[in-house]
Amino acid sequence: MIVLEDLRRVTSAAREHPEKFAAYIGSKQSAELQREIRRQEKELAAMRKRKAELDAIFKKLYEDSVLGRITTEQFQMLSGSYTEEQNLITVGIPQKESEIQRLRETAIGTDSFLDKAKRYTDITELTPELLRLFIEKIVVHEKEVKWSKHAPQTVEIYYNGIGYVGSGQQDVEETMEAPEPLQTQETEEPRQAS
């Protein structure tokens, strides 16, 4: 079965070459993930800056009101336009912080995967427990030639914490030294992948 074969390939590579495996996953994840973390951090910095600006505006408006520079009606009208924005930012900042934390945790998922791979050294059958533990999702693409019994069909297996671990192409083999290549599904394999 394709999933079982790939799970054995990936966990074996993780156990036998942990440093290279981690470097491969890190390089694959880091570019995209770090870009997203930087983008979110810029948004968070902008939100914090705007919150400080709004706090300063409210302080100035309050002083003007207290000192009689503006009327109560003017204060309410001017402050009202900023209140909604301030409320949105107050709620948005912790949400943005949580999202950044989630992304950072995703970036260190390799260590967790390596730990699991070390615990499961002899995977002979695919159990519901193993699926939950290792597999995030499986994407089955259409055959290269529709309706053909012999056309290749690509299956992408995404692992918890590390995502898609290549396709057994040269880059994976060179970087990770995988013991066996990940298949591109051929004719007989669709019947087995149930």
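How many aromatic pairs does a search of the whole structure find? The search finds five; rings of Phe, Tyr and Trp (its six-membered ring) pair if their centres lie within 6.5 Å. This is a predicted model, in which local features need pLDDT of at least 70, side-chain atom pairs count only at pLDDT 80 or more, and totals for chains, interfaces and linings use all residues. Residues are numbered from 1 along each chain as its sequence is written, and side-chain values use heavy atoms, with hydrogens and water left out.

**Confidence**

- The mean pLDDT of the protein is 79; pLDDT is the predictor's confidence in each residue, from 0 to 100.
- A pLDDT of 70 or more is reached by 81% of the residues.
- Helices (H or I, at least four residues) and strands (E, at least two) are DSSP runs, numbered from the N terminus.
- Over residues 168-194, pLDDT stays under 50.
- For residues 168-194 the model has 61 contacts beyond four places in sequence; contact means heavy atoms within 4.5 Å.
- Where pLDDT is low, the predicted coordinates should not be read in detail.

**Aromatic pairs**

- Phe113 and Phe134 have ring centres 5.6 Å apart and planes at 75°, so they pair edge-to-face.
- Planes under 30 degrees apart count as stacked, over 60 as edge-to-face and the rest as tilted.
- This pair links distant parts of the chain, with Phe113 in helix 4 and Phe134 in helix 5, 21 residues apart.
- Phe113 and Tyr159 also pair edge-to-face, because their planes stand at 80°, with ring centres 5.7 Å apart.
- Here helix 4 (Phe113) is linked to strand 2 (Tyr159), across 46 residues.
- Phe113 counts as buried because its relative accessibility is 0%.
- Tyr159 is also buried, at 0%; buried means under 20% relative accessible area, exposed over 50%, partly exposed in between (1.4 Å probe, protein chains only).

**Charges over rings**

- Lys116 sits over the face of Phe134, 5.6 Å from the ring centre.
- Lys137 sits over the face of Tyr158, 4.7 Å from the ring centre.
- The test is NZ of Lys or CZ of Arg within 6 Å of the ring centre and within 35 degrees of the ring normal.

**Nonpolar cores**

- The largest nonpolar core has 22 residues, and those with the most contacts inside it include Phe21, Phe113, Phe134 and Tyr159.
- Such a core is a set of buried Ala, Val, Leu, Ile, Met, Phe, Trp, Tyr and Cys residues joined through side-chain atoms within 4.5 Å.
- Helix 1 (2-16), helix 2, helix 4, helix 5 (128-134) and strand 2 (155-159) each supply at least two of its residues.
- Helix 1 gives the largest share of this core, seven residues.
- Another core lies apart from it, with six residues, among them Leu44, Met47, Ile89 and Ile100.

**Helix 4**

- Buried residues of helix 4 (residues 109-119) include Phe113, Leu114, Lys116 and Ala117.
- The buried residues of helix 4 fall within an arc of 165° seen down its axis, so they line one face; the arc is that of the directions from the helix axis to the C-beta atoms.
- Lys118 and Arg119, on the other side of helix 4, are exposed.
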